[in-house]
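User: I would like a close look at one part of this model: the salt bridges and their surroundings. Please keep it brisk.

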Amino acid sequence: MPTLTRWFIKSALVYLAAALLLALLLALPSSINLPLFVRFMNPVYFHLFLVGWVTQMIFGVIYWMFPIITRAQPRGNEQLGWVSFICLNVGLLLRVIGEPLVAVRPEVGWGWVLVVSALLQWVGIVLFVFLAWPRVKEKYRGG
Amino acid sequence: MPRLSLWIIRAALVYLLLGITIGSLLLAHKGIPFYPLLWGWLPAHIELLLMGWIVQLTLGVAFWILPRYWQRPRRPSEQYARIAFVLLNVGIWLVVAGTTFRAGVWVLFVGRLVEMGAVLFFAAHAWGRVVSREGA
């Protein structure tokens, strides 16, 4: 299994655990006093689950198992894959911090965190699609 | 990877790009509001990513990787999987039309119905391929 795949899949597992932990907190009755920002973390829960877990797991498996391009460069530009991984994860973590913060304290002016988060996640995914596209092909038969 | 999987997986990747673009705009707008009408695109964001990306990618990979038969055709009832691909994509756009473009509740209903048809056709294709190594 390539190193990048290991990072994608292990991160995905961590996000799954984090998503379920958050789901647990969100399921607590409102009589239990949680910090206010937790109550605004429903969208964060969905995105930890669907971006952090599902999409990253898929990315890891695609990078590992889709048909290779050539023997010389089987999985395309690996550095691009790392940039994608970093952008996606930094972007998602910024969302985890920024979204409840903006909801609870809109006057503080942290909205730019969400803009940066959106941009990083978008770049991370576009780069991965660019990397994966040539590997959506029939089996490599040499040459 | 068989030709039909190429089409299905490429379509899934295109939906991923569309869905994440809408999602990124929504998130940025949440941070620094610039176009309130964007919220009308939330159902499209969800539909494109759940059905267009995740479900479609799963079907494409399943068509490729589920056990094949020893005799030809190696992937039986391939036409069912082709029909599923067409129905799924028609269904997705009907749902987007019915929600984001407010084409009417019946458009949304038909969209969901067509998506259900896609799943049934794919199941009809794949059912016989979900077997052990001995074919049991």
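Read along the sequence, what pattern does chain A follow? And how many salt bridges does the structure hold over all chains?

Analyst: This is a predicted model, so local features need pLDDT of at least 70 and side-chain atom pairs count only at pLDDT 80 or more, while totals for chains, interfaces and linings use all residues. Residues are numbered from 1 along each chain as written, chains are lettered from A and ligands numbered from 1 in written order, and side-chain values use heavy atoms, without hydrogens or water.

Chain A reads α-α-α-α along its sequence. Of its 143 residues, 42% count as buried (under 20% relative accessible area with a 1.4 Å probe and protein chains only; exposed is over 50%, partly exposed lies in between).

Chain B also follows α-α-α-α. Four helices and zero strands make up its count. The C-alpha trace of chain B spans about 60 × 30 × 25 Å along its principal axes. Buried residues are 46% of the 136 in chain B.

Now the salt bridges. Over all chains there are seven (a side-chain nitrogen of Lys or Arg within 4 Å of a carboxyl oxygen of Asp or Glu). Side chains of opposite charge can pair when their charged atoms come close.

Start inside chain A. R95(A) pairs with E99(A), and their closest N and O atoms are 2.8 Å apart. Both sit in helix α3 of chain A, four residues apart, about one turn of the helix. R95(A) is buried, with a relative accessible area of 8%. E99(A) is buried too, at 3%.

E99(A) has another partner. Its side chain meets that of K30(B) in a salt bridge of 2.3 Å, N to O. This pair joins two chains, because E99(A) lies in helix α3 of chain A and K30(B) in helix α1 of chain B. K30(B) counts as partly exposed, at 30% relative accessibility.

A further bridge links E138(A) and R3(B), with the closest N and O atoms 3.3 Å apart. It crosses between chains, running from the segment after α4 of chain A to helix α1 of chain B. E138(A) is partly exposed at 35%. R3(B) is exposed, at 55% relative accessibility. As for networks, shared partners join R95(A), E99(A) and K30(B) into one.

Next, the space around these residues. Rolling a probe the size of a water molecule over the atoms shows where empty space is left. On a 1 Å grid over protein atoms alone, a cavity is a set of points where a 1.4 Å probe fits but cannot get out; a pocket is an open set with protein on both sides within 12 Å along at least five of seven lines, and lining residues have an atom within 4 Å of a point.

The largest pocket holds about 560 Å³ of space (the volume filled by probe spheres set on points joined across faces, edges and corners). It is lined by 26 residues, and R95(A) is among the closest to its centre, together with F46(A), H47(A), H45(B) and I46(B). Both chains contribute: α2 (42–65), α3 and α4 of chain A, plus α1 (3–31) and α2 of chain B, each give two or more lining residues. By class, the lining has 17 nonpolar, six polar and three charged residues (Ala, Val, Leu, Ile, Met, Phe, Trp, Tyr, Cys and Pro are nonpolar; Asp, Glu, Lys and Arg are charged; the others, Gly among them, are polar).

The second largest pocket has about 440 Å³ of space. Sixteen residues line it, and the closest to its centre are E138(A), K139(A), M1(B), W64(B) and R68(B). Its lining divides into ten nonpolar, no polar and six charged residues.

There is one cavity of 30 Å³ or more. The largest cavity holds about 30 Å³. I8(B), Q56(B), L59(B), A84(B), F85(B) and L88(B) line it. The largest share of that lining, three residues, comes from α3(B). Five lining residues are nonpolar, one is polar and none is charged.
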